[in-house]
Amino acid sequence: MLRFLLVRIASALPVLFVLSVVTFAIIQAPPGDYSDYIRSQAINQGGASFEEADAQAQAYKIANGLDKPLPLQYVNWITGIVTRGDFGHSLFYNKPVSEVVGERLPRTLALALVCHILASVIGITFGILAATRQYTWVDTLLSGISFLGMTVPRFLMALIIVYIMVFHFNVSDIGSFQSARYGGAPWSWDKFVDLLKHVWPVIAIATFGGLAYNMRVMRGNLLDTLNAQYVETARAKGLSERKVILRHAVPNALHPLVMYQGVVLPYMLTGEIETAIIFALPTVGPAIVGSMAVGDVYVTATFMLVLSATLIVGNIIADLLLAALDPRVRQMGGATA
């Protein structure tokens with residue numbers, strides 16, 4: 001298994017390199033860059049003429065290396081990452097990209113992991129209940145919840161919650177993780193409760209959307225598994241229905257959901273884009289959208305590289321979880337090792 005893990009990591013490095021090249025090229029493909037944003041700001045807000053604004057934009061472009069050919073810009077960027085751990089300088093935020101990522105990525109990961117854990121636990125539980133009570137009112141109710149979770153847009157749910165909070169409960173401190181009085185305060189129970197008051201809409205919306213997929217997959221797989229011959233054999237041996245379901249049927253029905261973890265990590269990071277934009281939360285999603293809008297290429301490229309890395313890490317984690325869940329996978333891994 002250790003050899004399998006090392007081989008997967010080694011094979012992931014060339015993939016990550018190719019993804020970085022493709023991502024950087026795609027980001028730079030549309031015409032324009034951050035110097036165009038400088039020009040428009042100088043004209044619209046600074047009152048400069050087009051010639052003056054264009055001179056400022058060209059000077060900024062030369063000073064920050066935006067006038068160099070695209071391959072050379074990429075080489076400088078990737079060389080800084082490999083040799084110095086330098087992801088470049090954010091043109092819009094005017095600070096190192098590593099600081100921008102360091103501010104937004106941890107809180108986004110924490111928020112996404114909480115949502116994913118809740119969506120997985122609740123969705124799998126709902127799927128088991130729906131499958132074991134097929135065609136009853138329980139199955140109908142849970143299937144209806146799943147249908148709503150997969151069809152109602154997240155931004156619409158976010159807008160409805162914002163409307164209710166602002167116009168019915170007079171909530172004014174929307175757009176941050178903490179109230180003003182807890183901004184620089186050390187962590188305490190009261191500050192944690194205040195954090196929950198600010199992030200519960202995002203958690204509720206993301207969990208509601210995520211549990212729908214988990215429930216539908218779990219319900220369908222468990223219904224197929226319950227009709228398998230080894231399940232009938234377990235029943236014939238006199239095992240209780242609870243043991244048959246939890247010990248034999250559920251572990252095998254979990255396989256597709258475990259493999260889904262391979263792609264869910266980047267989805268967790270970007271899936272909160274609509275909700276985070278509505279609530280104006282400083283997370284990864286709005287940073288990606290904002291950096292693309294103004295042409296802050298190094299911020300966008302770094303976040304895309306992070307998402308690519310999480311996709312690779314997620315697939316490795318999924319393989320390890322599947323090996324822990326299924327003895328057949330462990331035996332195959334041991335044979336290949």
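This is a predicted model: local features need pLDDT of at least 70, side-chain atom pairs count only at pLDDT 80 or more; totals for chains, interfaces and linings use all residues.
Residues are numbered from 1 along each chain as its sequence is written, and side-chain values use heavy atoms, with hydrogens and water left out.

We can begin with confidence and overall layout. The mean pLDDT of the chain is 81, and 92% of its residues reach 70 or more; pLDDT is the predictor's confidence in each residue, from 0 to 100. The secondary structure consists of 15 helices and two strands. Here helices (H or I, at least four residues) and strands (E, at least two) are DSSP runs, numbered from the N terminus. Among these elements, the highest mean pLDDT, 89, belongs to helix H6 (residues 137-151), and the lowest, 54, to helix H15 (residues 327-336). Along the principal axes, the C-alpha atoms occupy a box of roughly 85 × 60 × 40 Å. Of the 337 residues, 40% count as buried, where buried means under 20% relative accessible area, exposed over 50%, and partly exposed in between (1.4 Å probe, protein chains only). Taking contacts (heavy atoms within 4.5 Å) with a separation of 6 or more, 71% join residues 24 or more positions apart.

In soluble globular proteins, nonpolar side chains tend to be buried together. A nonpolar core is taken here as a set of buried Ala, Val, Leu, Ile, Met, Phe, Trp, Tyr and Cys residues joined through side-chain atoms within 4.5 Å. The largest such core has 20 residues, and Phe 24, Trp 77, Tyr 298 and Phe 303 touch the most other members. Two or more residues each come from helix H4 (70-84), helix H5 (97-132), helix H13 (284-294) and helix H14 (297-325). H14 gives the largest share, eight residues. Leaving out residues up to four places away in sequence, Phe 303 touches Val 100, Val 101, Arg 104, Val 284, Ala 287 and Ile 288. Another core, of 19 residues, lies apart from this one, and its members include Leu 223, Ala 228, Val 250 and Leu 254.

Two helix pairs show how neighbouring elements pack. Helix axes are lines fitted to C-alpha atoms over the stretch in contact, and angles run from 0 to 180 degrees between N-to-C directions. Helix H9 (residues 229-236) packs against helix H10 (residues 241-253) at an angle of about 160 degrees, with the axes 10 Å apart. H9 is therefore roughly antiparallel to H10; angles under 35 degrees count as roughly parallel, over 145 as roughly antiparallel, 65 to 115 as roughly perpendicular and the rest as oblique. On the H9 side, the contact is made by Tyr 230, Val 231, Ala 234 and Arg 235, and on the H10 side by Glu 241, Val 244, His 248, Ala 249 and Asn 252.

The other pair is helix H2 (residues 34-44) and helix H3 (residues 50-63), whose axes come within 8 Å and cross at roughly 150 degrees. These two helices are therefore roughly antiparallel to each other. Among the H2 residues that meet H3 are Tyr 34, Ile 38 and Ala 42, while the H3 residues that meet H2 include Phe 50, Ala 53, Ala 57 and Tyr 60.

Asn 94 has a positive phi, near 55 degrees, although it is not a glycine. This residue sits in the loop between strand S1 (89-90) and strand S2 (95-96), and is exposed, with a relative accessible area of 59%. Tyr 135, also not a glycine, has a positive phi of about 70 degrees. Tyr 135 belongs to the loop between H5 and H6 and is exposed, at a relative accessible area of 69%.

Ser 291, by contrast, is buried, with a relative accessible area of 3%. It is part of helix H13 and, not counting residues up to four places away in sequence, touches Asp 296, Val 299 and Thr 300. Tyr 182 lies in the loop between helix H7 (154-167) and helix H8 (189-226) and is buried as well, with a relative accessible area of 16%. Apart from neighbours within four places in sequence, Tyr 182 is in contact with Asp 190, Lys 191 and Asp 194.
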